[in-house]
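The sequence and the structure are shown first.

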Amino acid sequence: MTTTAPPVGSKPDGGAEPDERLLRTSPLRKLLGRPELGSVVGAVAVFLFFAVVADSFLRGSSFGTVLYAASTIGIMAVPVALLMIGGEFDLSAGVMVTSSALISSMFSYQMTANVWVGVGVSLLVTLALGAFNGVMLTRTKLPSFIITLGTYLMLIGLNLGLTKLISGTVSTKSIGDMEGFPSAKKLFASEWTVGGVELKVTILWWAVLVALATWILLRTRFGNWIFAAGGNADAARAVGVPVMRTKILLYMGVAFCAWVSGQHLLFSFDVVQSGEGVGNELIYIIAAVIGGCLITGGYGSAIGAAVGAFIFGMTSKGIVYAEWNPDWFKFFLGAMLLLATLLNAWVRKRAEATR
Amino acid sequence: MTRVRTGVRATSAVLAAVLGASVLAGCSSTGGRRAEERAAKAAAQAQGRAAVNTPKWTIAMVTHSGDGDTFWDIVQSGAKQAAVKDNVNFLYAHSDEGQQQAQLVDSYIDKKVDGLIVTLAKPDAMKAVVAKARKAGIPVITVNSGAEQSKAFGALTHIGQDETIAGQAVGDELDKRGKKKALCVVHEQGNVGLEQRCAGAKKNFDGQLQNLYVDGTNMPDVQSSIEAKLQADPSIDSVVTLGAPFADAAVKAKGTAQSKAEVDTFDLNASVAASLKAGTLGFAVDQQPYLQGYEAVDLLWLNKYNADVLGGGQPVLTGPQVITKQDAGALEAFTKRGTR
């Protein structure tokens, strides 16, 4: 199959000769056209701000904490950004993380199985949940808002109902003493010390996922399909892009990352509360939007989403480091996010104007 | 289209295969359900049967609990056990929205239950329905929250912990342990009861106490926020969490931040009992939720059977009970079966 990528971030200004797509662009212009540029500037601004107002912000150990906070959001912000570039939303992403953790914990416990079995079952069930979202969306042609809102509510109900039914309480039983737990903990929730700074393994997961997603977006045919499906689905379909399959796979990507986050949750705390995760889906979407993903689809980057998650991590922890009056916590958080996004938009506009 | 369908079919086939195979292979010889079943045998003897032959009265409980709250699970288990003993039909409903909680009470009044147990976390929303129940001749007992309003609203009695007194107990205990600077971790911003606990602790604590607000539905956030706070202020020597699940996150945060602070908590559960025993937690303040459910049902039964009233309009306190390493061992088994 041969498909041509839609010209990402370039505007067809008529009259350019020869064909403007063949024009060589300078590296500086290329940089200015990147979707994550605004968020990088925003991140630098937020970093400098907290470096000045909070003296403990610049310590090495603080950096480890901020990175951890950013990574738990970032792991989910990456697939959510890809999905958003593909033109869709997933409101069930936050609760799916909890579902995934509950499934592995309860399966291992109830079957008295090695915890790796539970982890494997959880991966399959979670991927099936993602596929369900994708298939429902493409089959019914209903907006993703409705489909995933339905999944979101159903998952909340299932999380509570099944956990109560199976465990008898609203949180899972501890699986910390079961076989396979230490090795699974190593993969999903270990930490190592680099130069006196404690770094969590989620940071590594995050980095790998960002690199993988960036490679997919920029170097593979599937990446082109994502941009095409999000930019104009009908046009994409007309030139032979398998829009339905692309979207289903994107939802399964979200599910895969929800599985990774869910396993981290399980193996770092060993007991899972069934009511957790509600509201986190918005945080993932916010991170992607700060990172330059358009809510309407067709534009954005995985690196941008990572920077968005980093801004979120810095802001939420920076407020603590700065020791501001906690009554105003949420206000500060909202104002910082709004400022970062505005700065992001402003830089992008300037960048586009210089073309 | 066909590709999609085969994909789904393949996924479900693989799923079914793995589910089947994993039951046969990969068993864990430690922990898990089998260990639980062994423990359950011992606990089975705790279950009672009806000890009286009064008619089968119906008692309903409506709380302000959110979905999936461990604490209210224990309250219910106490109420259910008392209901079995008293030959009572026990009904339960909850909503964290004041208006909806009132509507639930309303529907139980319509059902003409024989007794009502309600919480007054949002007293103004509940005032009218409690009056309505009284008018309908249904005795009401308030539990957990609403000690101040209970009598004025016409409830028989209030059973629960006074949050301020519980907080003060924490302040005293911190003093006893020679702490100088404490952190009070609030997992739900704007919750009156939680604020009262921190305020109570602050009042009796001779040292300095500050609040830290975290997002209780997001455990990694709870952990990293406490971590950040401990890094920002290394002089903090004790962290008090206001709910059992958050104690664990605080212990992890303390490790990462390389802080020497002692972690203490409100409420009890299996992992808190284990941590107390292991010494990773300093102390826990328990308000004995089991007792709140049990006593409420039992008192309503006593009132119907014998016109008994307890406390003479004064709240009956179920806490605070300060639990330390010494008591933890004895309570561990009870936390595992979900009654402490």
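The text below treats the interface and then the salt bridges.

**Interface of chain A and chain B**

The model is predicted. The contact between the two chains draws on 53 residues of chain A and 51 residues of chain B. Together the chains bury about 4800 Å², and 56% of this area is on carbon and sulfur atoms. On the side of chain A, the residues that lose the most area to chain B are A:Thr112, A:Leu124 and A:Phe269, which together make up 13% of what that side buries.

Across this interface there are 14 residue pairs in polar contact, both residues being at pLDDT 80 or more. Several elements of chain A give two or more residues to the side that touches chain B, including α3 (60-85), α4 (93-110), β2 (197-200) and α11 (243-269). By class, that side of chain A holds 23 nonpolar, 16 polar and 14 charged residues.

**Salt bridges**

Over all chains the count comes to 16 salt bridges, and 4 salt bridges are found across the interface of chain A and chain B.

| Pair | N to O distance |
|---|---|
| A:Glu323 and B:Lys229 | 3.3 Å |
| B:Asp221 and A:Lys317 | 3.1 Å |
| B:Arg197 and B:Glu163 | 2.8 Å |
| B:Glu173 and B:Arg177 | 3.0 Å |

A salt bridge joins the side chains of A:Glu323 and B:Lys229. This pair crosses between chains: A:Glu323 is in the loop between α13 (302-321) and α14 (329-353) of chain A, and B:Lys229 is in helix α9 (residues 219-232) of chain B.

B:Arg197 lies in helix α8 (residues 192-204) and B:Glu163 in helix α7 (residues 163-176), so the pair ties together parts that are 34 residues apart in sequence. B:Arg197 is buried, at a relative accessible area of 5%, and B:Glu163 is buried at 12%.

B:Glu173 forms a salt bridge with B:Arg177. B:Glu173 counts as buried because its relative accessibility is 9%, which falls under the 20% limit; B:Arg177, at 28%, counts as partly exposed. Both residues belong to a network of salt bridges that links B:Glu173, B:Lys176, B:Arg177 and B:Glu262.

Definitions and conventions. Residues numbered from 1 in each chain as written. Chains lettered and ligands numbered in written order. Predicted model: local features only at pLDDT ≥ 70, side-chain atom pairs only at ≥ 80, totals over all residues. Heavy atoms only, no water. Helix = DSSP H or I, 4+ residues; strand = E, 2+ residues; numbered from the N terminus. Buried < 20%, exposed > 50% of the residue type's maximum accessible area, 1.4 Å probe, protein only. Contact = heavy atoms within 4.5 Å. Buried area = accessible area lost by both parts, 1.4 Å probe. Polar contact = N/O pair within 3.5 Å; in protein donor to acceptor, adjacent residues only side chain to side chain. Nonpolar A, V, L, I, M, F, W, Y, C, P; charged D, E, K, R; others polar.
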